[in-house]
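Please look through the sequence and the model shown below before reading on.

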Amino acid sequence: MTKLPLEGLRVADFSWFGAGPIGAQTLATFGAEVVRVESETKIDSLRVVQPFALNEDGTFKSGYNASGYFNNFNAGKLSIQLNLNTEKGQELGYRIIEKSDIFLSNFTPRVLDKWKLRYEQLSAINPRLIAAYAPMQGLDGPHRDFLGFGAVLTPVTGISYMSGFPNRPPIGVGTNYPDYVINPGHTVTAILAALRYRNRTGKGQCVELPQLESVVNGLGTAVADYLANGTIQTRSGNRNPIAAPHAAVRCADDPTSVGSPDRWVAIACYDDAQWSAVCDVLGHGEAARDSRFATFAARKANEDALEALLNQWTATWKAEDLMEALQARGVPAGVVQNAQDLLDRDPHMKARGYYRYLDHPETGRAAYDGPPMVLSETPGVLRTAAPLLGEHTMDVCERIIGLSADEIADLMAEGVLL
Amino acid sequence: MADRALDGLRVIEFTDELGSYCGRLLADLGAEVVKVEPPGGGRERRTPPFYRAVPPGPDTSLAFWVHNTSKKSVVLDLETGEGRAAARALALRGDVVLEDNPVGWMAARGLGFESLRAEKPSLVYTSITGFGQTGPHAGYAYSDIVGQAMGGVMTLAGEPADPPNMIYGNQANVSASIEAAQGTLLAVLYAEATGIGQLVDVSAQEALSMSQETAMQQWDLQKTNRIRQGERGSIPIPLPGAGVYATRDGHLVCFVLAPGGAPFSELVNWMREKGMAADLDDEPYREICDNLNMGFLTQLTREPQKAVTALPALMHINEVVAAFFASLTSNEAYVDGQKRLLLNGIVSTPRDLAENEQLRSRAWFKQLEFDYLNALIEFPGAPYRLSETPVAISRPPRLGEHTHDVLAALAERSVS
């Protein structure tokens, strides 16, 4: 079998919630051995929130191992329980870090200080270490201790102000959006770049990813426009400055779409030919010549009327049929899909095998997000389902830290391996 | 000059708005990124807003600027044999080819993965498209909103009464670019260790899937769909300390009832200090304010009798809280609240971000010198800081700025 790009590397994953663990999962998928350090004394909240697997009678499973939220971010990892509020726990943490290539944490600076996990402390025991920190606001600065999570970051970074319809308050985007791709993806990008540098020079380094900075960097032109021009952009719904129509239009309801029967298709027309094709497909070829809509400038000037008309025309279409008909004419169009679509009904997602199904002792066979980068020679692999809390405490203590069975028993009794 | 993490890595990119942010990430980390552009430039160069001090043109689009820093630009017409030959020679000089064209477009111009790899086995070839290189939708037309729709994030955003909401900032493009940056560097590490290159296939639809948060798992485990719930989320009534509040000059979002921060009573302490607690120290409000958290609310849902009396009180408390926040600026409410460990976030406007004291004190913004505009223009900084190999951002290239130099170097190389 071909080796994976990160085979032979070990990651000390001292992170929790979304932004940290997802990054470490990517490293595991491409070959690294990832040791997730956890503790029942400071449980990762994602282990105890919905969605839970169901019991046979339809009730929710409980405990630390039944959450799909947690499991989807931690496939292929080992889990050790380590109480970092004890001095011995901190010492054992150091012994894992000493034998690791990469350290990853998204704890606040206050917690890093308490658990002695600052870069100066870690590089003293392992100078080749790449230590990556992804705190909310940074390791220093006047707001370094501000509290937050993805849903707090969404307004603070400007996403909320810039997203949604202008007649609504800035309600956000329905999720802890920055946690899932933007922050873990930037973190891993920096870690891989640092690995390349270490391969050439033998030197480790400190990588700092303040989640605030990471998200604002990826926020289009909003801040740059203010800095360069003094312009304050605001939210403009689903519209786009160089395309019209650019909208989600309503199609016929689909009662088989569970709990989510309203169906919509996103359409983007960047030129008159695309608009003309939309008119043809919808059986209103004459509209392409209507002076209110014939040119981009006219469509922009009459965009409310344009969208109202489109919604009238599409109301009886089945969403998938409309998408296919528009795509057949080369118009960018896509169903606003829900999870049922993505997992069960989208033939393309199925054909590409993006979702991976893994067996897990408590949830049973369950779906996991596969890697969204498909490497032809070294495809990533989710080797195992997410670990049970502390599933590998013995293994990590014996094989990596080098403790004897007696020592492990004592540490368990003392509440260190908890 | 300090070492750069990607020193010596040569990237030839054929990207427009979908993949250009990937090239930017690599370029800011030190790779030499040569962007091959069509005559006149691509769509991104024509996208507003433009830098306003001069007439708009391909060299003044901010949309282009923010995704193309630190690169070189070469104009080649790939519809001519000469242009294709030069592009091919250039691509073969690279360690990485990065492209975001429709499936088959590069191959039709002699620039496909198989054909380049036959000549250069170590080449890393990253293709970013809407739907990936394989599968029944591989040929589908793509734009950012289509990616957000098909990838499952739009259905989660917005008010139930409105159409689903797109997330601002071409987030499908940005997500695909970030996934591609990771995939490219993984392949680079592998190629540098083994001499074996490969194809990195990134689909924007897949790149967004993880951003469905729990919707995917909820369908998988429970066979129910998550839907967009708008301002109120899953809670049908306005609750004090939860949700969006209008301030004197904008908005604040509160999560005081969520675990992790100071309790609701701390918010009342603050209001009392400001003389804005009104009658919250009187019963029945006082008892509720002292105990208000998610557990208290869960209890209410189990005791309908108690809920009947508590609901009007909760609504009154919320009105008092709303009046308090309306008396503060957004920034006061955010900073003073956070200093009391109250979980809240300012709804930052672009100006709030430009003036954000955390970003300013960390010197995050970068002054870029635009010599051709005779201007220093401030820019958002990098997503990360690397202690040994700092990120360095230089201004984006003018269209074709490096055509002559790059082609001359190529010719010299082929002669020698």
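B:Lys223 is found in the loop that runs between helix H8 (215–222) and strand E7 (242–246) of chain B, in what is a predicted model throughout. Although B:Lys223 is not a glycine, its phi is positive, at about 55°. B:Lys223 counts as partly exposed because it has 14 C-beta neighbours inside 10 Å, and a residue would need 20 or more of them to be called buried.

**Other backbone features**

- Most residues other than glycine have a negative phi, and most peptide bonds are trans.
- With 15 other C-beta atoms within 10 Å, A:Lys116 is partly exposed.
- In chain A, the peptide bond that leads from A:Gln50 to A:Pro51 is cis, its omega being near 0°, and A:Pro51 belongs to the loop between E2 and helix H2 (68–71) of chain A.
- In chain B, the peptide bond from B:Glu283 to B:Pro284 is cis, with omega near 5°, and B:Pro284 sits in the loop between helix H9 (264–273) and helix H10 (285–291) of chain B.

**The sheet that ends in E12 of chain A**

- Seven strands make up an open sheet with mixed pairing, and their order is E12(A)-E6(B)-E5(B)-E4(B)-E1(B)-E2(B)-E3(B).
- At the edges of this sheet are E12 of chain A and strand E3 (72–75) of chain B, each of which pairs on one side only, while neighbouring strands are turned by 20° against each other on average, direction ignored.
- Strand E1 (residues 10–14) of chain B is largely enclosed by the rest of the structure, because four of its five residues are buried.
- E1(B) pairs in the parallel sense with strand E2 (residues 32–37) of chain B over four bridges, and B:Arg10 has B:Glu32 in E2(B) as its bridge partner.
- Between E1(B) and E2(B) the chain passes through helix H1 (residues 20–28) of chain B, in a β-α-β crossover that is right-handed.
- E1(B) also pairs in the parallel sense with strand E4 (residues 96–99) of chain B, again over four bridges, and here B:Val11 stands opposite B:Val96.
- E4(B) is in turn joined by four bridges to strand E5 (residues 124–129) of chain B, the two running parallel, with B:Leu98 opposite B:Thr126 in E5(B).
- Strand E12 (residues 373–375) of chain A and strand E6 (residues 198–203) of chain B run antiparallel and are joined by three bridges, and the bridge partner of A:Val374 in E6(B) is B:Asp201.
- H6(B) lies across E12 of chain A together with E4, E5 and E6 of chain B, and it runs at about 165° to E5(B).

**The sheet that ends in E12 of chain B**

- An open sheet of seven strands, with mixed pairing, has the order E3(A)-E2(A)-E1(A)-E4(A)-E5(A)-E6(A)-E12(B), and its edge strands are strand E3 (78–81) of chain A and strand E12 (385–386) of chain B.
- Strand E1 (residues 10–14) and strand E4 (residues 102–105) of chain A run parallel and are joined by four bridges, A:Val11 having A:Ile102 as its bridge partner in E4(A).
- Helix H8 (residues 182–201) of chain A lies across E4, strand E5 (130–133) and strand E6 (205–208) of chain A together with E12 of chain B, at about 165° to E5(A).
- Helix H17 (residues 393–401) of chain A lies across strand E2 (33–38) and E3 of chain A, at about 90° to E3(A).

**Core and contact between chains**

- The largest nonpolar core has 254 residues, and those with the most contacts inside it are A:Ala132, A:Val207, A:Val265, A:Ala266 and A:Ile267.
- Helix H6 (residues 171–194) of chain B gives the most to this core, with 13 residues.
- Leaving aside neighbours within four places in sequence, the contacts of A:Ile267 include A:Pro245, A:Val278 and A:Leu326.
- Across the chain boundary, 128 residues of chain B are in contact with 127 residues of chain A, and H6(B) gives the most to the side of chain B that touches chain A, with 15 residues.
- By class, that side of chain B has 67 nonpolar, 40 polar and 21 charged residues.

Notes
Residues numbered from 1 in each chain as written. Chains lettered and ligands numbered in written order. Predicted model: local features only at pLDDT ≥ 70, side-chain atom pairs only at ≥ 80, totals over all residues. Core = buried A, V, L, I, M, F, W, Y, C linked by C-beta atoms within 7 Å. Buried ≥ 20, exposed ≤ 12 C-beta atoms within 10 Å, placed from the backbone. Contact = placed C-beta atoms within 7 Å. Nonpolar A, V, L, I, M, F, W, Y, C, P; charged D, E, K, R; others polar. Pairing = 2+ DSSP bridges. Right-handed = clockwise from strand over helix to strand, strands pointing away. Axes fitted to C-alpha atoms, helices over the stretch in contact; angles between N-to-C directions.
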